[in-house]
Amino acid sequence: MKACFFRRYGGPEVLEYGELPDPVPAAGEVLVDIHAASVNAADWKMRAGQYGASIAFPHVPGRDFSGVVVKGAADFKPGDAVFGVCEVPREGAYAEKIAIREAIVARKPERLSHVQCAAIALAGLTALVSLEDTLKLKRGETILVHGGAGGVGGFAVALARHLGARVIATASAANHDYVRSLGADEVIDYRAQDFVKLVKDVNAVFDTAGGDVTMRSFAVLRAGGRLATVAAGGSAPASPRPGVTSLRPKVDRDRPHLDRVAALVAQGAVPLPAIVEYPLAKAAEAHRVSEGRHLRGKLVLRVL
């Protein structure tokens, strides 16, 4: 099969495009012909060796995909259109085929294309777990979402609005209209404005930016507020304020959550992100764009 992979850690230039052996599904796994895979920040962090995970080389990155089953198991038969999010550190979505546990694969809605399903899989799963399961966001609350134009942040903005929350988001000025179209009530230009001076007494913060943004965000929460971050490492940073909770969402893979992500988008509750497509062979170019951290929506690799 054709695949994009790396034999050592490094910059985008270590990504190669070539032939690798087809994966062989184990018991309880399905074999899927991948039609599209999305690019996530986790992909280039893994490629750069930032996670310290023990992986075998050559390693095929890529954490979410959409495709068609070619060898089924108990729940799926050949020809079924599915999408899924890979387990770490196995990954493997930057390829023409993937073997994956069928328990963490979901059926692709007919009204969504493979490219669209790949674009929402991991981003939607992360936002869903963060807002509903971790922050337990309620109707009438106010949430600050950092990185509202990105894949995860954009889904979070739309989901928070759907849940009945008031949404404040940070984004570059060029993306303000886009983030408002997703459902933000207020958008702050993080390059020209200090969110700490403009935001106060919010119920929740969802952080996809990391760095000093994470720790500075505790100041804008009201007593009893909570912050969830997916950009500050594998564990939640210690809260500097008593009575304010710091959380690290645990983004497990399972079919019910993927089904909910797909339903939210297919039913129009959450709009699709802006999508830019690249051929699989140009994955290194897509990584350079993603690593620039100023992306609107999602990058998707078209495989078939």
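Residues are numbered from 1 along each chain as its sequence is written, and side-chain values use heavy atoms, with hydrogens and water left out. Because the model is predicted, local features need pLDDT of at least 70 and side-chain atom pairs count only at pLDDT 80 or more, while totals for chains, interfaces and linings use all residues.

Two strands are said to pair if DSSP finds at least two bridges between them. In general, the strands of a sheet pair through backbone hydrogen bonds, either parallel or antiparallel.

An open sheet of 6 strands runs in the order β10-β9-β8-β11-β12-β13, and its pairing is parallel. Its edge strands, β10 (186-189) and β13 (245-247), each pair on one side only. On average, neighbouring strands of this sheet are turned by 15 degrees against each other, direction ignored. Such angles run from 0 to 180 degrees between N-to-C directions, and the axes are lines fitted to C-alpha atoms, for helices over the stretch in contact. Within the sheet, β11 (residues 202-207) and β12 (residues 221-229) are joined in the parallel sense over 5 bridges. Thr 229 in β12 is the bridge partner of Asp 207.

Strand β3 (residues 29-39) pairs in the antiparallel sense with β6 (residues 97-101), over 5 bridges. Glu 29 has Arg 101 of β6 as its bridge partner. With β4, strand β3 forms an antiparallel pair over 6 bridges, and here Ile 34 stands opposite Gly 67. A further antiparallel pairing, over 4 bridges, links β3 to β15 (residues 298-302). For accessibility, buried means under 20% relative accessible area, exposed over 50%, and partly exposed in between (1.4 Å probe, protein chains only). Of the 11 residues of β3, 10 are buried, so the strand is largely enclosed by the rest of the structure.

Ser 54 lies in the loop between α1 (41-47) and β4 (64-71). Ser 54 is exposed, with a relative accessible area of 71%. Between Ser 54 and Gly 124 there are 70 residues in sequence and 27 Å in space, taken from C-alpha to C-alpha.

A disulfide is a covalent bond between the sulfur atoms of two cysteines. Counted as pairs of cysteine sulfur atoms within 2.5 Å, the model has 0 disulfides. Cys 4 is in no disulfide, and the nearest cysteine sulfur, that of Cys 86, is 14 Å away. Cys 117 is likewise in no disulfide, with the nearest cysteine sulfur, again that of Cys 86, 14 Å away. Cys 4 is buried at a relative accessible area of 2%, and Cys 117 is buried at 0%.

Rolling a probe the size of a water molecule over the atoms shows where empty space is left. On a 1 Å grid over the protein atoms alone, a cavity is a set of points where a 1.4 Å probe fits but cannot get out; a pocket is an open set with protein on both sides within 12 Å along at least five of seven lines, and lining residues have an atom within 4 Å of a point. Grid points are joined across faces, edges and corners, and a volume is the space filled by probe spheres set on the points. The model has 2 cavities of 30 Å³ or more.

The largest cavity holds about 90 Å³ of space. Its lining has 14 residues, and Gly 151, Gly 154, Phe 155, Pro 271 and Pro 273 lie nearest its centre. Helices α2 (114-134), α3 (151-162) and α4 (176-182) each supply at least two residues of this lining, and the largest share, 4 residues, comes from α3. For residue classes, Ala, Val, Leu, Ile, Met, Phe, Trp, Tyr, Cys and Pro count as nonpolar, Asp, Glu, Lys and Arg as charged, and the others, Gly among them, as polar. The lining of the largest cavity has 10 nonpolar, 3 polar and 1 charged residues.

The second largest cavity holds about 50 Å³. Its lining residues include Cys 86, Glu 87, Arg 90 and Glu 91. By class, this lining has 5 nonpolar, no polar and 4 charged residues.
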